[in-house]
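Please consult the sequence and the model while reading.

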Amino acid sequence: MKLDADIVVVAAGLSGLAAAITAAENGASVIVAEKANTTGGAANMGMGPLGIGSRIQKEQMVTLTPGEAFRRHMHFTHYRVDARLVRDYYFKSGETIDWLMDMGVQFVGVQRAFAAPELTRAYSDGEFTWHVVKPEAGRPGPRCATAMIKAMTDRATELGVQILYETPAKKILVEDGEAVGVLAVDKNGEEIEITCGAVIIATGGCGANPEMIREHTGYEYGKTIYNFAVPGMTGDGIRMAWEAGAGKTDITMELMYQIPDNMNHFVIEGAFRQPCLWVNKNGERFIPEDQIANTTFTGNAISVQPDKVAFAIFDDAMLQHWKKHGGDIISHVHPPDLYEQFEQEWAKDLAAGYDPICEANTFEELAEKAGIDKESLLATVKEYNEMCAKGHDYLFEKEHRYMRPIGNGKLYCCRQHVGAYGTLGGIKINYKTEVLTDDNKVIPGLYAVGTDACNIYGVSYPFILSGNTMGFCLNSGRIAGENAVKFIFAEED
Ligand SMILES: Cc1cc2nc3c(=O)[nH]c(=O)nc-3n(C[C@H](O)[C@H](O)[C@H](O)COP(=O)(O)OP(=O)(O)OC[C@H]3O[C@@H](n4cnc5c(N)ncnc54)[C@H](O)[C@@H]3O)c2cc1C
């Protein structure tokens with residue numbers, strides 16, 4: 001089958017939908033080839049995007065400006081990323097939230113993904129950038145961003161964007177160095193050739209491709225990393241772009257920390273996200289535990305420990321305290337009543353032999369069961385309890401209100417691993433989202449957006465400006481949609 005459009009967008013995930021809608025709003029005819037039988041990709045798992053300067057922020061009196069966010073981002077990345085792309089993204093991001101609202105997306109408000117305790121505020125406090133999507137029903141939580149995807153899909157359809165479901169793109173067609181179309185295959189195996197004036201790649205990275213993860217990041221899926229492997233994110237767009245001559249950038253993991261099969265052990269995962277005692281395999285503390293609300297910092301810290309694991313330990317006294325007063329650190333993602341559910345879930349997982357968890361009556365028994373160096377753990381506990389008695393953590397200066405002695409009643413332990421939302425980067429782009437060759441030449445008519453091309457974080461996700469991946473996906477999509485339309489209409493002139 002042969003089709004033709006002004007613009008072909010490869011994939012109807014978050015960035016692809018943003019690109020398709022923008023291109024259609026600017027007068028282009030658009031076909032989207034989507035591998036899955038639905039739109040939204042990984043964005044269906046999440047809660048909401050970053051925006052700076054949105055109407056909601058103004059209503060909530062959030063004073064952060066795009067310029068301040070830009071400076072913060074560039075300081076965080078040591079200016080080792082494309083400043084112009086970062087600048088254009090942040091300056092567009094507030095208006096993008098308004099644009100979403102105008103198409104019917106509702107937000108419950110804007111919040112930090114986490115707030116740091118007083119002592120560490122200057123180094124790690126989150127900004128009020130995370131626009132959490134109002135779900136169609138119930139309270140906001142994981143997957144509430146599905147409501148945003150639904151509104152965007154409706155808007156695309158209303159604008160005449162043709163979405164071909166279950167139609168994975170296989171190849172970018174290039175003639176005389178210019179992208180001129182896409183080869184795709186429909187669900188019956190029939191090849192579809194779509195010719196066009198410009199192609200926008202938006203396939204969501206390679207988080208579900210363990211071989212690519214191993215080759216490009218060194219992590220072993222299910223061994224040294226337990227990332228979300230959202231089905232379909234197999235690196236197709238990255239591979240197709242490289243085959244079409246695109247330059248390569250590093251592919252990194254969007255790190256955080258996670259427990260194996262976390263969505264089926266969500267109460268357990270949430271319950272241990274507290275500033276209790278955290279040690280590595282050697283039985284040594286490795287982070288001021290008041291930082292564990294910053295899931296990226298914690299994932300980064302675990303990634304440099306022996307065997308890339310850590311152990312969170314609390315005792316019965318702490319559990320009773322959290323049951324009565326709520327957690328010291330409140331997760332916006334895990335269930336709010338998790339300590340009410342904890343004992344039941346714990347007994348169930350323990351009986352089922354869920355390997356990352358164990359309980360013990362002594363630290364000797366705990367070390368044995370968890371695989372932590374016993375002598376070192378005992379020394380750490382002794383030192384830690386002495387510091388608690390003095391009310392001062394002279395090792396890491398953890399916030400003193402969290403310095404509670406450990407060892408009162410049963411001990412609970414959960415092994416923590418490096419996790420990730422997915423991958424970042426792979427395709428080299430400029431601030432217009434045009435795809436570049438390794439020697440920085442533009443491949444005319446070829447654009448890449450979203451996580452396939454997200455090369456603006458350097459070595460670590462900037463969790464302090466939360467909602468950042470969705471923010472980048474939406475805004476890079478919009479930037480590509482605008483530029484691709486300018487490109488095709490300039491060619492026609
Ligand atoms: C559990 C979880 C929670 C998250 N929460 C947040 C959050 O609250 N805020 C935030 O900012 N970020 C969050 N993220 C990250 C965010 O969801 C992703 O970064 C974002 O959705 C990526 O957008 P994308 O457009 O690059 O890819 P996706 O939205 O994943 O879309 C990729 C699309 O490509 C399609 N595709 C793949 N290969 C092909 C092919 N060959 N042909 C055609 N189509 C193809 C897929 O089917 C999919 O539809 C979360 C991620 C996870 C996993």
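The model is predicted: local features need pLDDT of at least 70, side-chain atom pairs count only at pLDDT 80 or more, and totals for chains, interfaces and linings use all residues. Residues are numbered from 1 along each chain as its sequence is written, and side-chain values use heavy atoms, with hydrogens and water left out.

With a relative accessible area of 39%, Asp373 is partly exposed. In this scheme, buried means under 20% relative accessible area, exposed over 50%, and partly exposed in between (1.4 Å probe, protein chains only). Asp373 belongs to a surface patch of negative charge together with Glu284, Glu364 and Glu375. Such patches are made of residues with over 30% relative accessible area and no salt bridge, like charges being joined within 9 Å. Asp and Glu count as negative, while His and the chain ends are not counted. The place of a charge is taken as CG of Asp or CD of Glu.

## Salt bridges within helices

Side chains of opposite charge can pair when their charged atoms come close. A salt bridge is defined as a side-chain nitrogen of Lys or Arg within 4 Å of a carboxyl oxygen of Asp or Glu, and the count by this rule is 29.

In helix α12 (residues 338-351), Glu345 and Lys348 are three residues apart, which separates them by about one helical turn. Their side chains form a salt bridge with an N to O distance of 3.2 Å. Glu345 counts as buried at 18% relative accessibility, whereas Lys348 is partly exposed at 46%.

Helix α13 holds Glu365 and Lys369, four residues apart, or about one turn of the helix. The closest N and O atoms of their salt bridge are 3.1 Å apart. Both partners count as partly exposed: Glu365 has 29% relative accessibility and Lys369 has 48%.

## A network of shared partners

Notes
Patches are made of residues with over 30% relative accessible area and no salt bridge: like charges are joined within 9 Å, nonpolar side chains (Val, Leu, Ile, Met, Phe, Trp, Tyr) within 5 Å. Accessible areas come from the Shrake-Rupley method with a 1.4 Å probe; for residues, only the protein chains shown count as cover. Helices (H or I, at least four residues) and strands (E, at least two) are DSSP runs, numbered from the N terminus.
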